[in-house]
Amino acid sequence: MDWNLILVWALKSGLLFFIIITACAYYTLAERVVAAFIQDRRGPNRAGPFGLFQPLADGIKFLTKEEVFPTQVNKAMYLIAPGISVSCAIMSWSIIPFGGTIPLHNSIAELVGFKELNLQVANPDTGILFLLAISSLSVYGIILAGWSSNNKYSLMGAIRSTAQMISYELPLGLSLTAVILMAGSLKLSEINDAQKGIWFVFTLPGFMAFLIFSVAMFAETNRLPFDLAEAESELVVGFHTEYGAFKFALFFIAEYMNMITMSCVVTLLFFGGYNVPFGILEGSSYNALAGILFFLLKVVFFAFSFMWVRWTLPRFRYDTLMNIGWKKLIPWALINIVVSAVYVVYWKGSIG
Amino acid sequence: MPEELQPQSILFFILSGVCIGSSLAVVLHKNPVISAVSLVLSFFSLAGIYAVMNAIFIATMQVIVYTGAIMVLVIFVIMLLSLREETNLEIWRNPVKQIAIVFVVCIFGGILVASMNFNPEIGNGDPIESYKFLIQNGQNSGVEVKGNTASVGASTFLQYLLPFELVSILLTVAVIGAVVIAKRDKLNQS
């Protein structure tokens, strides 16, 4: 391990962090604009041209608000909880590949000591499992926020949310098994490479896995129609009822980051990731750059579908949510594992 | 430290410090929820130590199984029972317990000193070298191994298949047992 490699990692991480924060800020704006469009309103259009400075204004507002501590909160946990949420959201970005490897120019290559720039901060051997591990950690942010607030609504929201996230992690993980079986690897870059011929969503087990994954994805990110953790008509706003100012902003950022992460993951797992369609630029030096473009297009589409679903569907009741998770999605996902195993053994040879 | 200070060893000392500190907090803190959260932190830093040793699969599994599944349920139950703060001073007043604590500390101190003097033959102490040694010498199955996950999979499903199946039967028995115990009242009523 060389120190210059560590330096490049640090630079990549810093740049990635900057990109995510900006993406999140504009995602919130996009959410409000899309909501306005769907509800036939105008939406934010005062700050700057087309309201483009609105996220900046929101950020300044959150930063300059008074920090309020409700009485009898457990102060340490109350402050740590939003930090856990947001750091888990950032950490899960570290393994997302945004594109292939970009070949560096000779002069730069001599300076940094390697010839290709990998657009992934880390590529651990366990890839997608690492992502599951991080998403299972993000439960702690919610559960501690609810517990430390010393408020009945917060605690109820936290308990609901924890039960929901634990339940939906199972179908999420089981639907991933089909993809892992077809790709033969846990690494996200290799799952992407396995889809060079045909996207996994166009295969039978891949399509079933996509349906299960997309339902579980909404539940994991606590978005409508599964945002029972917030449920403002019953629980005020659930686990972050007592949070204000920047601490609330951290929960808010974490939610939007998780949505972008999930959009990236669904693109990588089922929709061909950063492969250029039909391999038209194969071997060309622009292949990697075009790959990034196609990847971002697909991610933007899924990010849009998150907003589309939110402003279209009503909220589920709690018992129906649990029924869908345990009695529908898990059996389907288990059948799908068998189907994908059969597919890999009997059909894959003729297609791939 | 005799050898050059490497990033791995710096990370190891940071993570083991966090691990020891949070483990002490588990035992000593009065609030049960904070104890449980420190246990999570301790498991997490243990996973970090595995990752420093290049055993990334074990590290990921440590996080998924212990911090992601087991400890969430533990914290869930503690929260639902809403345990209040406890005092841990009484333990020092009982002479039998005092002797027991001194005894335990002596035993573990002895083990610690002995393990620091113990110098295994493999890979002269460097974690990565010893890991490579284990990979090279632990594989007699003849399977080509590409990475960490593959090597764990190969040794589980080829070398240790029978113990693996026995463990899975044991877990199935535990699940069925839990269901039977939970459903006993309903069975008696009907």
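Figure 1. At 37% relative accessibility, Gly21(B) counts as partly exposed, the classes being buried under 20% relative accessible area, exposed over 50% and partly exposed in between (1.4 Å probe, protein chains only). Gly21(B) sits in helix H1, residues 7-28 of chain B; helices (H or I, at least four residues) and strands (E, at least two) are DSSP runs, numbered from the N terminus. A separation of 35 Å lies between the C-alpha atoms of Gly21(B) and Ser168(B), which are 147 residues apart along the chain. Ser22(B) also belongs to helix H1 of chain B, but Ser22(B) is buried, with 6% relative accessibility. Apart from neighbours within four places in sequence, Ser22(B) is in contact with Ser38(B), Leu41(B) and Ser42(B), where contact means heavy atoms within 4.5 Å.

The model is predicted: local features need pLDDT of at least 70, side-chain atom pairs count only at pLDDT 80 or more, and totals for chains, interfaces and linings use all residues. Residues are numbered from 1 along each chain as its sequence is written, chains are lettered from A and ligands numbered from 1 in the order in which they are written, and side-chain values use heavy atoms, with hydrogens and water left out.

**Figure 2. The interface of chain A and chain B.** Here 25 residues of chain A are in contact with 27 residues of chain B. The two chains bury about 2,200 Å² between them, 81% of it on carbon and sulfur atoms; buried area is the accessible area (1.4 Å probe) that two parts lose on being put together, summed over both. Asp125(A), Tyr140(A) and Trp147(A) supply 25% of the area that chain A buries against chain B, more than any other three residues. Between the chains, 3 residue pairs are in polar contact, both residues at pLDDT 80 or more. A polar contact is a pair of N or O atoms within 3.5 Å; within protein, one must be able to donate a hydrogen and the other to accept it, and residues adjacent in sequence count only if both atoms are side-chain atoms.

**Figure 3. Salt bridge between Glu31(A) and Arg310(A).** A salt bridge is a side-chain nitrogen of Lys or Arg within 4 Å of a carboxyl oxygen of Asp or Glu. In this pair the closest N and O atoms are 3.7 Å apart. Glu31(A) is buried at a relative accessible area of 3%, whereas Arg310(A) is partly exposed at 24% relative accessibility.

**Figure 4. Salt bridge between Arg32(A) and Asp58(A).** The two side chains meet at 3.0 Å, N to O. Arg32(A) is in helix H1 of chain A and Asp58(A) in helix H2 (residues 54-64), so parts that are 26 residues apart in sequence are tied together. Arg32(A) counts as partly exposed at 36% relative accessibility, and Asp58(A) counts as partly exposed at 22%.

**Figure 5. Salt bridge between Arg317(A) and Asp319(A).** The side chains of this pair meet at 2.9 Å, N to O. Arg317(A) is exposed, with a relative accessible area of 56%, while Asp319(A) is partly exposed at 39% relative accessibility. Over all chains, the salt-bridge count comes to 4, with 0 across the interface of chain A and chain B.
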